[in-house]
Amino acid sequence: MRPYLLGLALGLALLAGAGATTWWMLDQRALARAATTYDVPLEPVDIPTDDASRAEGERLAWLHGCHGCHADSLQGKVFVEEPRVMRLVAPNVTQAIRAYSDPELARLIRHGVKRNGTAAFAMPSGGFYHLSDTDLGRLIAHLRAAPVRGDTWPPTELRILTKVALLRDEVPTDAGTMDHAAPRIGASGDTSLVGLGRYRASTICTECHGITLRGQDNAPALVQALGYTLPQFTALLLDGRARDGRDIGLMGTTARRRFRRLTPREVEGLWHYLRAMPLTSSP
Ligand code: HEC
Ligand code: HEC
């Protein structure tokens with residue numbers, strides 16, 4: 001090879017090497033961001049052992065979308081599959097919880113912090129935070145009683161666009177954004193109809209309508225419920241039917257799969273609460 005060609009080849013090889021090294025370093029930095037840990041203390045939790053509490057726990061698990069995101073029998077599923085974004089697996093809960101103690105599971109649900117201290121992507125824990133101790137105990141009693149399934153899934157894989165977003169701090173998780181010491185709505189002791197509505201709205205509807213219920217992505221601000229009479233609102237929540245007969249996509253399927261388990265008192269409480277909800281403050 002002529003000397004100048006050799007020089008060129010060496011130069012290109014060096015450049016490619018430098019490029020690969022830079023990419024490797026950025027990749028490591030992005031993965032390190034995803035591995036950020038959160039120091040949220042563990043708290044004891046009472047788990048009831050009677051059948052009625054477990055049955056109520058199952059109803060709560062459906063209302064809060066554990067069944068659904070983690071598939072009908074909690075056996076897990078691929079939750080997001082986007083070519084350059086990520087493949088995010090909602091794990092097999094029946095297996096994952098075997099490594100968890102009850103306080104660790106309580107922390108995962110209420111704070112979105114996994115056993116190893118990292119944030120659980122996509123878990124709507126900002127709302128679950130407000131669960132009362134009693135409801136949390138019932139929920140865990142149901143999870144512990146659910147039959148173990150053997151389904152396995154390909155691992156979660158963060159891809160280029162997510163890594164770039166991680167480097168720019170643009171991948172929010174509830175563990176990273178929520179107030180881990182806020183007053184807990186489920187601990188307010190308010191047993192009135194409106195109090196019940198506020199409680200269910202804060203733990204359930206916030207998942208899609210935003211933590212202040214003022215709208216998020218495609219889900220509108222819930223003051224829209226103002227336009228609904230109580231019978232119309234009941235048809236919306238229990239059958240997924242909009243007031244004007246429009247196809248309301250995700251809201252319709254979520255109502256039919258999950259919210260049909262709401263009691264008449266809960267529906268009425270939600271209706272009163274959302275009608276009375278001030279336009280400016282948090283739930
Ligand atoms: C909006 C969808 C969604 C909802 C609702 C949801 N999860 Fe998850 N959950 C996920 C995803 C996605 C992961 C994986 C997170 C990750 O790997 O960072 C996860 C992770 C988990 C894990 C495994 C944690 C680990 O260490 O791997 C458990 C257990 C779990 N969720 C239980 C629950 C329970 C109980 C509920 C209901 C109170 C619930 N989830 C509601 C999406 C959801
Ligand atoms: C899984 C996501 C999800 C959850 C959880 C959820 N919603 Fe929705 N909701 C949506 C979306 C998306 C829309 C917008 C539907 C459309 O217009 O296509 C919507 C629309 C609505 C509307 C307006 C309907 C209309 O006529 O335009 C009301 C009222 C509503 N939701 C109430 C609630 C209440 C109350 C809860 C809690 C019990 C709740 N939603 C929980 C996703 C959700």
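Trainee: How much area do domain 1 and domain 2 bury between them?

Mentor: This is a predicted model, and in it the protein chain is divided into domain 1, residues 51-177, and domain 2, residues 190-276. The size of an interface is often given as the accessible area lost when the parts come together. Of the area lost here, 54% lies on carbon and sulfur atoms, and the amount that domain 1 and domain 2 bury between them is about 1,300 Å².

Trainee: Which residues of domain 1 lose the most area to domain 2?

Mentor: The C-alpha centres of domain 1 and domain 2 lie 23 Å apart, and 17 residues of domain 1 are in contact with 15 residues of domain 2. On the domain 1 side, three residues together account for 45% of what that side buries, and they are Arg59, Trp62 and Leu63.

Trainee: How many salt bridges are there between domain 1 and domain 2?

Mentor: Side chains of opposite charge can pair when their charged atoms come close. A search of the whole structure finds 21 salt bridges, and one of the pairs joins the side chains of Arg257 and Asp72, with N and O 2.9 Å apart. For the salt bridges between domain 1 and domain 2, the count is three.

Trainee: Which residue forms a salt bridge with Lys163, and where does that partner lie?

Mentor: The closest N and O atoms of this pair are 2.8 Å apart, and the partner of Lys163 is Asp27. The two are 136 residues apart and link distant parts of the chain, with Lys163 in helix 8, residues 160-167. Both residues of the pair are buried, and the partner, Asp27, lies in helix 1, residues 3-34.

Trainee: Are Arg258 and Glu207 buried or partly exposed?

Mentor: Arg258 forms a salt bridge with Glu207, in which the closest N and O atoms are 3.1 Å apart. This pair also links distant parts of the chain, since Arg258 is in the loop between helix 12 and helix 13 and Glu207 is in helix 10, 51 residues apart. With a relative accessible area of 9%, Arg258 counts as buried, whereas Glu207, at 22%, is partly exposed.

Trainee: Which residues are joined into one network by salt bridges that share partners?

Mentor: Arg241 forms a salt bridge with Asp239, the closest N and O atoms being 2.9 Å apart, and Asp239 is partly exposed at 35% relative accessibility. Turning to salt bridges that share partners, the residues they join into one network are Glu56, Arg59, Asp135, Arg138, Arg200 and Glu266.

Trainee: Which residues are the protein donors of the iron atom of ligand 1?

Mentor: The six donor atoms around this iron atom subtend angles of 82 to 179°, and the arrangement is therefore octahedral. The donor atoms lie 2.0 to 2.1 Å from the iron, and they belong to His70 (NE2) and Met123 (SD).

Trainee: What is the relative accessibility of Ile140?

Mentor: Ile140 is placed in helix 7, residues 133-145. Leaving aside neighbours within four places in sequence, Ile140 is in contact with Ile47, Asp102, Leu105, Ala106 and Ile109. Ile140 counts as buried, because its relative accessibility is 0%.

Technical notes. Residues numbered from 1 in each chain as written. Chains lettered and ligands numbered in written order. Predicted model: local features only at pLDDT ≥ 70, side-chain atom pairs only at ≥ 80, totals over all residues. Heavy atoms only, no water. Domains from an automatic or database assignment. Contact = heavy atoms within 4.5 Å. Buried area = accessible area lost by both parts, 1.4 Å probe. Salt bridge = Lys/Arg side-chain N within 4 Å of Asp/Glu carboxyl O. Helix = DSSP H or I, 4+ residues; strand = E, 2+ residues; numbered from the N terminus. Buried < 20%, exposed > 50% of the residue type's maximum accessible area, 1.4 Å probe, protein only. Donors = N, O, S within 2.8 Å, 3.2 Å for Na, K, Ca; no water. Tetrahedral: all angles 85-135°; square planar, octahedral: opposite > 155°, others 65-115°.
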